[in-house]
Amino acid sequence: MKFGGTSVGDASCIARTARIIAEAARGGNCVAVVSAMSGVTNRLVEAAKQAGAGEKEQGTAVLAALRTQHEEALKSLVRDEAARKSIEEEMDEVFGEGGRLFEGTALLRELTPRTLDAISSLGERLSAPLVAGAVRELGLQSEAVDATEVIITDAFHGGAEPLMDVTREECEVRLRPMLEKGIVPIVTGFIGATTEGKLTTLGRGGSDYSATILGAAMNADEVIIWTDVDGVLTADPRLVPDARTIPVISYREAAELAFFGAKVLHPKTLKPVMQAAIPVWIRNSFAPERQGTLITPAGRSAGGGVKALTAIQDVALISVGGPGIVGLPDVVGRTFSTTAELRANVLLISKSSSQNDICFIVSATDAPRTVEALRKEFAQDLAHEKVEHITIDSNIAIVAVVGENMRGTPGVAGRTFNALGRENVNLIAIAQGSSESNISFVVEEKAMKTALITAHREFGLGAAGT
Ligand code: ADP
Ligand code: ASP
Ligand code: MG
């Protein structure tokens, strides 16, 4: 089971989370994965950047605020003083390390990806002991486990990938014996370590990924992701108010939604469990009596074709073009080897048939270094005007229409574009994968919400729909 930031957001949320964990652990073996309390990682990352610029004050202030916040929660969760003391000691160690990290970073005026990972990880390392304490209050044995001991990754800081074989071995060594002794492990989400023990993170929102990595490594019967909404909805409820919970959805559909920005799932969440076909539930920790969404290999065929919509706005459109590139057969190859080298995540590709222009979309954080690397790669061609421009547009969003049964359902694209046309939404680029479970299009950022609401209505996805 994984509990996100809001599910451990304060003492009363943690108490509710602990009850869910305890009930599951009484019925069988349960490993819990927890995020940092909500907002904590953002604050740490902000302060880390300040420290990188030579200022450690924000870091000191954030640590002091986190101390108050966590100690307050601890006080109301754990009654016994001795029990509280041992958790306080665990937290003290984390605060001590945090202080040294901010200080060192400010002194050197350099924030390396490795240090950023170490600072970002502090939130999970504080929340896990708290949750374990809350579970013990309910009469069970429980211990916080640092994921650096069990999730072994490559050394790509800020977006590490698990090494599944070693991870499996470490889980057998560290977690399995705990389960056999009736101890509930509360594992820090989001983080891992290389084989040499260097701490890494799996990327922002990565606790979902931690949960499925552990689920796959331990051959779990199921993985349950507890969050603050009723499941996977037909669209982001913050943008489309009448979005509805989807009861069953396929791996492929959920993966498309996650990949195109549905924040409810980290994009890589389903990767580890696909092969073993482990079902994944998305459920609401604030309303555990509701059923939630079940993600299975096949999903359930829904007649209509379109199942959900998603949008992603922290992205940029990069275009490489000019009349001269017609004669340069390797432009496509060189463009995408460049992005691959950077591990920039390419979300959408569109190319005109004359090859005058290749445009593709990457996340906003990857965009500047992608453009920089492309300008380097094509420096010669730019100088000789074979490549005329490498441009970037950040005021755009991708909207994706997702549904496995769109395959063989003619007219989905036509209906979508007609409806958008009626609302004067201008389409900048369009892509449909050959799997036909996703049609995605690029619009101006300010038209994104209208595009979502329009398509949601067109396919009757709302509460008033089916
Ligand atoms: P957690 O902290 O539990 O990981 P997140 O904030 O990362 O939670 O993800 C849950 C949020 O994702 C919801 O509150 C909702 O606003 C947003 N969201 C975006 N798209 C969807 C969708 N299609 N279905 C459900 N939630 C969505
Ligand atoms: N705390 C981490 C983040 O905010 C990981 C997570 O919540 O999934 O990105
Ligand atoms: Mg999340």
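Visitor: Which residue stands opposite Ile225 in S7?

Guide: Lys2 does. This is a predicted model, where local features need pLDDT of at least 70, side-chain atom pairs count only at pLDDT 80 or more, and totals for chains, interfaces and linings use all residues. Residues are numbered from 1 along each chain as its sequence is written, chains are lettered from A and ligands numbered from 1 in the order written, and side-chain values use heavy atoms, leaving out hydrogens and water.

Visitor: How many bridges join S1 to S7?

Guide: In general, strands of a sheet pair through backbone hydrogen bonds, parallel or antiparallel. Here 2 bridges join S1 (residues 2–3) to S7 (residues 223–227), and the two run parallel. Pairing takes at least two DSSP bridges; strands are DSSP E runs of at least two residues, and helices are H or I runs of at least four, numbered from the N terminus.

Visitor: What is the strand order of the open sheet?

Guide: For its 8 strands, read S3-S4-S2-S1-S7-S9-S10-S8, with mixed pairing. S3 (141–145) and S8 (248–250) are the edge strands, each pairing on one side only.

Visitor: Which residues are around ligand 2?

Guide: A residue is near a molecule if one of its heavy atoms lies within 4 Å of it. That picks out Ser35, Thr41, Glu124, Phe190, Arg204, Gly205, Gly206 and Ser207.
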